[in-house]
Amino acid sequence: ICALSSIALPGTNGFVGEFLILVAVFKKSYQEFLISNDFSVFTYIVFAVSGMILGATYMLLAVEKILFGPIKNVKNKIIKDLNFRELIMFLPFIILIFWIGLYPNHILGKIDTSVRSFISTINR
């Protein structure tokens, strides 16, 4: 679940973060394009998208190797999955991953005034 969140699967917190980053990069690049009529401002978009694609590729390859790869050490064959105590320990994190992904305004609303203040300070 954490790996899927890291590759920005829709409905997880990673998707919200990457979507907000992409929207900001597209918006800023388009504004700069309107001012300069220079297509080189879209390099930000290329870097953002390629970074996200490379990150997702790396994460999927790592998950494939870790979870679905061959077992090289015989002792690892007897390791059991999560027990009940470990599952209870991870459950709050899993709930937060989906809560932030499905209801991002709950957190974004709380940080809105701080972010607006920060943006106005930068734009001065």
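Is Leu-96 buried, partly exposed or exposed? The model is predicted, and in it Leu-96 has a relative accessibility of 45% and counts as partly exposed.

**Nonpolar surface patch**

- Leu-96 is located in helix H4, which covers residues 84-102.
- Leu-96 is one of the residues of a nonpolar patch on the surface.
- Ile-1, Phe-84, Ile-88, Leu-91, Ile-95, Phe-98, Trp-99, Leu-102 and Tyr-103 also belong to this patch.
- Together, the residues of the patch have about 1,000 Å² of accessible area.

**Salt bridge**

- The structure contains one salt bridge.
- This salt bridge joins the side chains of Arg-116 and Asp-112, with 3.1 Å from N to O.
- In general, side chains of opposite charge can pair when their charged atoms come close.
- Both Arg-116 and Asp-112 belong to helix H5 (residues 105-122), where they are four residues apart, or about one turn of the helix.
- Arg-116 has a relative accessible area of 56% and is therefore exposed, whereas Asp-112, at 32%, is partly exposed.

**Largest pocket**

- The largest pocket holds about 630 Å³ of space.
- Helix H2 (13-36) and H5 are the elements that each give two or more residues to the lining of this pocket.
- H5 gives the most to the lining, namely eight residues.
- The lining has 15 residues in total, and Leu-20, Ala-24, Lys-27, Val-115 and Ile-119 are those that lie nearest the centre of the pocket.

**A buried serine**

- Ser-5 is part of helix H1, which covers residues 2-6.
- The relative accessible area of Ser-5 is 7%, which is under 20%, so Ser-5 counts as buried.
- Leaving aside residues up to four places away in sequence, Ser-5 touches Thr-12, Asn-13, Gly-14, Phe-15 and Ile-97.

**An exposed phenylalanine**

- Phe-68 lies in helix H3, which covers residues 43-68.
- Phe-68 has a relative accessibility of 66%, which is over 50%, so Phe-68 counts as exposed.
- Phe-68 and Arg-124 are separated by 56 residues in sequence and by 52 Å in space, taken from C-alpha to C-alpha.

Conventions: Residues are numbered from 1 along each chain as its sequence is written. This is a predicted model: local features need pLDDT of at least 70, side-chain atom pairs count only at pLDDT 80 or more; totals for chains, interfaces and linings use all residues. Side-chain values use heavy atoms; hydrogens and water are left out. A salt bridge is a side-chain nitrogen of Lys or Arg within 4 Å of a carboxyl oxygen of Asp or Glu. Buried means under 20% relative accessible area, exposed over 50%, partly exposed in between (1.4 Å probe, protein chains only). Patches are made of residues with over 30% relative accessible area and no salt bridge: like charges are joined within 9 Å, nonpolar side chains (Val, Leu, Ile, Met, Phe, Trp, Tyr) within 5 Å. Accessible areas come from the Shrake-Rupley method with a 1.4 Å probe; for residues, only the protein chains shown count as cover. Contact means heavy atoms within 4.5 Å. On a 1 Å grid over the protein atoms alone, a cavity is a set of points where a 1.4 Å probe fits but cannot get out, and a pocket is an open set with protein on both sides within 12 Å along at least five of seven lines; lining residues have an atom within 4 Å of a point. Grid points are joined across faces, edges and corners, and a volume is the space filled by probe spheres set on the points.
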